[in-house]
Amino acid sequence: SRSSVTTVKHIGFDDVAKGMDYKTVTIQNLLSGIPGTDIAQGVHVGRSELDIGAGDQGLMFGYATDETPELFPLSHLLANRLGMRLTQVRKDGTLPYLRPDGKTQVTMEYVVHTDGSLTPRRVHTVVISTQHDDKVALATLQKDLMEHVIMPIIPESYRDEQTIYHLNPSGRFVIGGPQGDAGLTGRKIVVDTYGGWAAIGGGCFSGKDFTKVDRSAAYAARWIAKSLVASGFCHRCQVQISYAIGIAQPTSIYVEDFGTGSLEHDEYLAIIRSNFDLRPGAIVRDLNLRKPRFLKTAAYGAFGRLDAGFEWEVPRILKR
């Protein structure tokens, strides 16, 4: 419960007027404490760490594109950075009337080249909805968001007179956070991943430890996709992996390069199998997932970031 209170404080819920106050919040632990013995006997009991089975069945996807140095879609990269900037200007006092709840969205126009690669052309629409106190006027809020959030983050070369800005389009947003929307558990997996550029498996990341392939194999899929693009095999690709509960090896691996690559699918598979061990235990080992680092992934996405400890963002340079 201490870590929960610390997290509430870190987010910025320090007054009941904001919907929660870490100084008075009550944390209840209603877990039964009964272990999942049926799952345990089929997944890890009697097995070495490298040979543990997947904790559940499921599909995981990874994506990469060479449109940015991060090999990540620019539209979602900007959306994540706008979210980071919202937090920064709230906490450093630039916009002290902001409150913790907020979300961003960026729509971009792209040039699709004949080889299937993409080049961002311009920002079409920016959407920001942010919680605020009950004193600030909407016009002031919108002006401040343009000056202190959007302009420092979105390069001028992508903004023009036709760019549309929807800034707190619903108007008043005083009630927020858990008081206004009980949407924390499960999280929005599109926000946590690629902003709609890739398929999703349906399983969220947050709230799960490194033994769950919903998290660990999704990280591995991103690692593979980024490595394939960084190695020059394609301009962009999506990697899909699937698992069965209790089975260590994936049940399928599939690569979609959207026509931007020079390899056949069997060649992609051969490269992946010779460079990556996709058993859950091996993913934990290779990405060093036992080391605590998931707190950073709880906001602003798990991919397209160069934070220390994000090993899945460090591509392997692959050879055929």
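Which elements each supply at least two residues of the lining of the largest cavity? In this predicted model, those elements are β3, which covers residues 58–65, and α6, which covers residues 213–230.

**The largest cavity**

- The structure holds 2 cavities of 30 Å³ or more, and the largest cavity contains about 90 Å³ of space.
- A total of 14 residues line the largest cavity, and those that lie nearest its centre are Phe61, Ile189, Gly201, Phe205 and Ala218.
- Of the elements, β3 gives the most to this lining, with 3 residues.
- When the lining residues of the largest cavity are sorted by class, 9 are nonpolar, 4 are polar and 1 is charged.

**The second largest cavity**

- The second largest cavity has a volume of about 50 Å³, and the residues that line it are Ala220, Trp223, Phe276, Asp277, Leu278, Ile283, Asp286 and Leu287.
- Two or more residues of this lining come from α6 and likewise from α8, the helix that spans residues 280–286.
- The lining of the second largest cavity divides into 6 nonpolar residues and 2 charged ones, with no polar residues.

**The second largest pocket**

- The second largest pocket holds about 370 Å³ of space, and of the 19 residues that line this pocket, Val43, His44, Ile52, Phe210 and Thr211 are the closest to its centre.
- Helix α2, made of residues 37–43, and helix α8 each supply at least two residues of the lining of this pocket.
- By class, the lining of the second largest pocket is made up of 8 nonpolar, 7 polar and 4 charged residues.

**The packing of α3 and α4**

- Two packed helices are described by the angle between their axes together with the distance between those axes.
- The crossing in which α3 passes α4 is right-handed.
- On the side of α3, the residues that take part in the contact are Leu78, Arg81, Leu82, Arg85, Leu86 and Val89, and these meet Leu145, His148, Val149, Ile150, Pro152 and Ile153 in α4.
- Sorted by class, the contact of α3 with α4 has 9 nonpolar residues, 1 polar residue and 2 charged residues.

Technical notes: Residues numbered from 1 in each chain as written. Predicted model: local features only at pLDDT ≥ 70, side-chain atom pairs only at ≥ 80, totals over all residues. Heavy atoms only, no water. Left-handed = near helix turned anticlockwise from the far one by under 90°. Helix = DSSP H or I, 4+ residues; strand = E, 2+ residues; numbered from the N terminus. Contact = heavy atoms within 4.5 Å. Nonpolar A, V, L, I, M, F, W, Y, C, P; charged D, E, K, R; others polar. 1 Å grid on protein atoms, 1.4 Å probe; cavity = no way out; pocket = protein on both sides within 12 Å on 5 of 7 lines; lining within 4 Å. Points joined across faces, edges and corners; volume = space filled by probe spheres on them.
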